[in-house]
Amino acid sequence: MPASPHADLLLLFQRAQAQFTDRVDAVAAGDWAAPALPAWSVADLVAHLTSEQLRVPPLLAGESPDAVAPRIPTDPDELLGGDPLTAWETAGDAALTAWASPDALDRSVQLSGGPAPAADHLVEMTADLTVHAWDLARAIGGVTRLDPELVAAAGRYAEERLGDRGVPGLIDPPVPVPPGADPQTRLLARFGRRA
């Protein structure tokens, strides 16, 4: 990775990708249809994040979400094919390469809610990968303990950018946590999850 003011953000994103990859690699053949989130199977969850990674290169190239969307399959079977791990890793590698390109994080990207600094979008994607790594691990009975640095970074994102009602249609409102809850439990609760 090149040294830049954003090098730490890139490294955290890469770690979040690796953490999620470990969970995808742990999915057994019979677990792809298991429920991961309301109305989402394990396959749906992995396909969602694969799709998000595929969007990064064109968005960083200045394309609009409306221009990108028709080129990315919405069907999990089409996105993941017969090899979900390879599909995820290929999409993740393309996203990481795009994020690491010169000046990528100094740009602005067009998102469905309007223009945003690319660095802010990277922070959001890192938090999303972190929380969904837990969702995936929980769904398959895997390792649910998350990287503490990623938990801390996602927690900062949540405190700075998520309101008290979550994000309607995307992120559930926070749930209560007991006093003295550890950072991971507090993070998950902030994203509407009960650890």
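The legends below accompany close-up views of a predicted model.

**Figure 1**
Five acidic residues, Asp22, Asp25, Asp83, Glu89 and Asp93, form a negative surface patch. At least two residues of the patch come from helix H1 (7–25), and at least two come from helix H5 (84–99). Glutamate 89 belongs to helix H5. With a relative accessible area of 33%, glutamate 89 is classed as partly exposed, because its value falls between the limits of 20% for buried and 50% for exposed residues.

The model contains three aromatic pairs. In one of them, the ring centres of phenylalanine 20 and tryptophan 88 are 4.9 Å apart and the ring planes stand at 65°, so the arrangement is edge-to-face. Phenylalanine 20 is part of helix H1 and tryptophan 88 is part of helix H5; the pair therefore ties together parts of the chain that are 68 residues apart in sequence. Phenylalanine 20 is buried, its relative accessibility being 0%. Tryptophan 88 is also buried, with a relative accessible area of 1%.

**Figure 1. A stacked aromatic pair formed by tyrosine 157 and phenylalanine 191.**
The aromatic pair of tyrosine 157 and phenylalanine 191 is stacked, with 6.5 Å from centre to centre and 20° between the planes. Tyrosine 157 lies in helix H7 (residues 148–161), whereas phenylalanine 191 lies in the segment after helix H8 (183–190); the pair thus links distant parts of the chain, 34 residues apart. Tyrosine 157 has a relative accessible area of 7% and is buried. Phenylalanine 191 counts as buried at 5% relative accessibility.

**Figure 2. A salt bridge between aspartate 147 and arginine 15.**
Side chains of opposite charge can pair when their charged atoms come close. Seven salt bridges are found in the whole structure. In the one formed by aspartate 147 and arginine 15, the closest N and O atoms are 2.6 Å apart. Aspartate 147 is placed in the loop between helix H6 (118–140) and H7, and arginine 15 in helix H1, so this pair ties together parts that are 132 residues apart in sequence. Aspartate 147 counts as buried, at 18% relative accessibility, whereas arginine 15 is partly exposed, with a relative accessible area of 32%.

A salt bridge joins glutamate 63 to arginine 71, with 2.9 Å between the closest N and O atoms. Glutamate 63 is partly exposed, its relative accessible area being 27%. Another salt bridge brings together the side chains of aspartate 182 and arginine 145, at 3.9 Å from N to O. Aspartate 182 is situated in the loop between H7 and H8, and arginine 145 in the loop between H6 and H7; the pair therefore ties together parts that are 37 residues apart in sequence. Aspartate 182 is partly exposed at 30% relative accessibility, while arginine 145 is exposed at 52%.

**Figure 3. Leucine 170 in the loop between H7 and H8.**
The loop between H7 and H8 contains leucine 170. This residue counts as exposed, with a relative accessibility of 72%. A separation of 12 Å lies between the C-alpha atoms of leucine 170 and histidine 48, which are 122 residues apart along the chain.

Alanine 39 is not a glycine, yet it has a positive phi of about 70°. It is located in the loop between strand S1 (35–37) and strand S2 (40–41). At 81% relative accessibility, alanine 39 is classed as exposed. Aspartate 103, likewise a residue other than glycine, has a positive phi near 65°. Its place is in the loop between H5 and strand S3 (108–111). Aspartate 103 is exposed, with 54% relative accessibility.

Technical notes:
Residues are numbered from 1 along each chain as its sequence is written. This is a predicted model: local features need pLDDT of at least 70, side-chain atom pairs count only at pLDDT 80 or more; totals for chains, interfaces and linings use all residues. Side-chain values use heavy atoms; hydrogens and water are left out. Patches are made of residues with over 30% relative accessible area and no salt bridge: like charges are joined within 9 Å, nonpolar side chains (Val, Leu, Ile, Met, Phe, Trp, Tyr) within 5 Å. Accessible areas come from the Shrake-Rupley method with a 1.4 Å probe; for residues, only the protein chains shown count as cover. A salt bridge is a side-chain nitrogen of Lys or Arg within 4 Å of a carboxyl oxygen of Asp or Glu. Lys and Arg count as positive and Asp and Glu as negative; His and the chain ends are not counted. The place of a charge is taken as NZ of Lys, CZ of Arg, CG of Asp or CD of Glu. Helices (H or I, at least four residues) and strands (E, at least two) are DSSP runs, numbered from the N terminus. Buried means under 20% relative accessible area, exposed over 50%, partly exposed in between (1.4 Å probe, protein chains only). Rings of Phe, Tyr and Trp (its six-membered ring) pair if their centres lie within 6.5 Å; planes under 30 degrees apart count as stacked, over 60 as edge-to-face and the rest as tilted.
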